[in-house]
Amino acid sequence: MMSNSRPRKIRILGAGPAGLYAAYRLKRLFPTADVAVVEQNPPDVTFGFGVVLSAQGLQFLADDDPELVRAISGGLESWQDIEIRIGGERIRIDGIGFTAIGRVILLRLLNDKLREVGLAPIFGKAITDLSEFGDADLIVGADGANSLVRSKNELEFGTKIEMLTNWFAWFGASRPFDALTQTFKVTDSGPFNAHHYRYSPTQSTFLVETTAANFERCGLAKFSVEESRGFCEKVFADVLEGAQLVSNRSIWRQFPKITNARWSYKNMVLVGDALRTAHYSIGSGTRLALEDVQALVNAIETSQGDIPAALALYETQRRPVVEKLLDAAARSANWYEHFDQNMALAPWEFAHEYISRSGRVAPDRLASTCPEFVRRYTEWKSGK
Ligand SMILES: Cc1cc2nc3c(=O)[nH]c(=O)nc-3n(C[C@H](O)[C@H](O)[C@H](O)COP(=O)(O)OP(=O)(O)OC[C@H]3O[C@@H](n4cnc5c(N)ncnc54)[C@H](O)[C@@H]3O)c2cc1C
């Protein structure tokens, strides 16, 4: 039972994964409240292509939302191996197991859930001033890495933004790949890395990354999106094998590492990328965003609708879990920041460093998780 302090008006900014899920869960919790979620883009328009989303990692939702987990799981592409392509070698790392989903598909599934509780986002409306949310009892900032809720109150949230130095452009590719593939190569145009994996039977994510020095050297800042697409197609022609790169606002960007000393301020709370970003190389941002929402809604429920108490509880309970993952993400990001130097290693050593980079797979666990890879790596090492 909720106390009398239950919120009457809730406003959610952003209809990405965090905002849609927050709207659904909060409307379910407070059916008579006035809940609205506002999104600047029209329906089915989003950035990027597919994202890695672990089916196992979704199990945290299974108790609260078994149907959602089933629906998402039905839309996942899955594969077992990671493939590292470097120096003419294609090294398989077995046993990790990955799944991925198109962002548009995921957003559609979440929109379906929202409809079940009688809501639809207000699409095509960019909020520029939070006073538009007037006397809301709760404002959920689910507005992504460039959050307005956060940036309007940066001092109060204690926001820190550190830009990584590498540059990346997020393309799609018109072909599937049969593993989560990491291609590292040095061409006449310098060192490049591509993260590529399929998220549908015919389409893949194809994220291209290069170092700051090489970005400068190639003059990529002056390239249009179309020129960049053509350039990357040439760099990775052997990998694409005749397939094309597809762009979706695929501009060159640097990854912002965002953290906040405080997660809420007055009636405002941050979730998802607005709250913090986790480097894409550990493929966890979407799951973290959904987990934030779950933690927030649980805290509101536990606090019987008392919003100030709930926001404090949300942060106390969730922060330690998030910080552990952010440590792993930072180590992984740091490894990519030096990928050109790491490429001096022999291919098998490079692959071993790659899989150990975030510190999440301890050496003894590696042998049981990736037995074939460890066997071949050990063979290679002893034959040296
Ligand atoms: C290159 C790259 C690769 C990634 N790969 C993965 C991956 O493999 N796996 C994974 O789990 N995660 C990945 N991520 C991270 C993932 O995309 C994010 O963590 C996730 O989208 C966060 O969800 P969100 O709802 O918090 O924010 P977003 O998805 O960014 O949604 C925010 C929404 O708010 C809207 N909005 C913002 N401001 C306003 C405004 N003023 N008015 C109205 N609407 C507004 C935006 O239009 C957007 O729809 C990747 C990210 C990047 C950059």
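Two residues are in contact if their C-beta atoms, placed from the backbone, lie within 7 Å. In this predicted model, 11 residues of domain 2 are in contact with 11 residues of domain 3. On the side of domain 2 that touches domain 3, the elements giving two or more residues are β5 (82-86) and β6 (89-93). Strand β6 gives the largest share of that side, four residues. By type, that side of domain 2 holds five nonpolar, three polar and three charged residues. Here Ala, Val, Leu, Ile, Met, Phe, Trp, Tyr, Cys and Pro count as nonpolar, Asp, Glu, Lys and Arg as charged, and the others, Gly among them, as polar.

Residues are numbered from 1 along each chain as its sequence is written. The model is predicted, and local features need pLDDT of at least 70, side-chain atom pairs count only at pLDDT 80 or more, and totals for chains, interfaces and linings use all residues.

**Domains**

The protein chain is divided into domain 1 (1-43 + 121-163 + 256-344), domain 2 (47-102 + 165-254) and domain 3 (345-382). These bounds come from an automatic or database domain assignment. Between the C-alpha centres of domain 2 and domain 3 the distance is 22 Å.

**The ligand shell**

The ligand is surrounded by 33 residues, of which Gly14, Gly16, Gly144, Gly272 and Gly285 are the closest. A residue is near a molecule or strand if its C-beta atom, placed from the backbone, lies within 6 Å of it. Two or more residues of the shell come from each of α1 (17-29), β3 (50-52) and α9 (285-302). Helix α9 provides the largest share, four residues. Helices (H or I, at least four residues) and strands (E, at least two) are DSSP runs, numbered from the N terminus. In composition, the shell around the ligand has 17 nonpolar, 12 polar and four charged residues. Domain 1 and domain 2 each contribute at least three residues to this shell.

**The sheet containing β1**

An open sheet of five strands has the order β2-β1-β8-β17-β16, with mixed pairing. Its edge strands are β2 and β16 (264-265), each of which pairs on one side only. Two strands pair if DSSP finds at least two bridges between them. Strand β1 (residues 9-13) is mostly covered, with four of its five residues buried. A residue is buried if 20 or more other C-beta atoms lie within 10 Å of its own, exposed if 12 or fewer, and partly exposed in between, with C-beta atoms placed from the backbone.

Strand β1 runs parallel to β2 (residues 34-38), and five bridges join the two. Within this pairing, Lys9 has Asp34 as its bridge partner, and Arg11 has Ala36. On β8 (residues 138-141), also parallel to β1, there are four bridges to β1, and Ile10 stands opposite Leu138. Together β1, α1 and β2 form a right-handed β-α-β unit. A crossover is right-handed if, with the strands pointing away from the viewer, the path from the first strand over the helix to the second runs clockwise.

**Strand β7 and Val52**

Strand β7 (residues 98-102) is largely enclosed by the rest of the structure, because five of its five residues are buried. Phe98, Ala100 and Gly102 lie on one side and Thr99 and Ile101 on the other, and both faces are covered. Strand β3 is antiparallel to β7, with three bridges between them, and β4 (residues 77-79) is also joined to β7 by three bridges in antiparallel fashion. Ser78 has Thr99 as its bridge partner in β7.

Val52 lies in strand β3, and its bridge partner in β7 is Ala100. Val52 counts as buried because 24 other C-beta atoms lie within 10 Å. Leaving aside residues up to four places away in sequence, Val52 touches Phe98, Ala100 and Gly283. Arg103 is 51 residues from Val52 in sequence, and the C-alpha to C-alpha distance is 9.7 Å.

Most residues other than glycine have a negative phi. The two residues below have positive values. Phi is positive in Glu241, near 45°, and in Gln304, near 50°.
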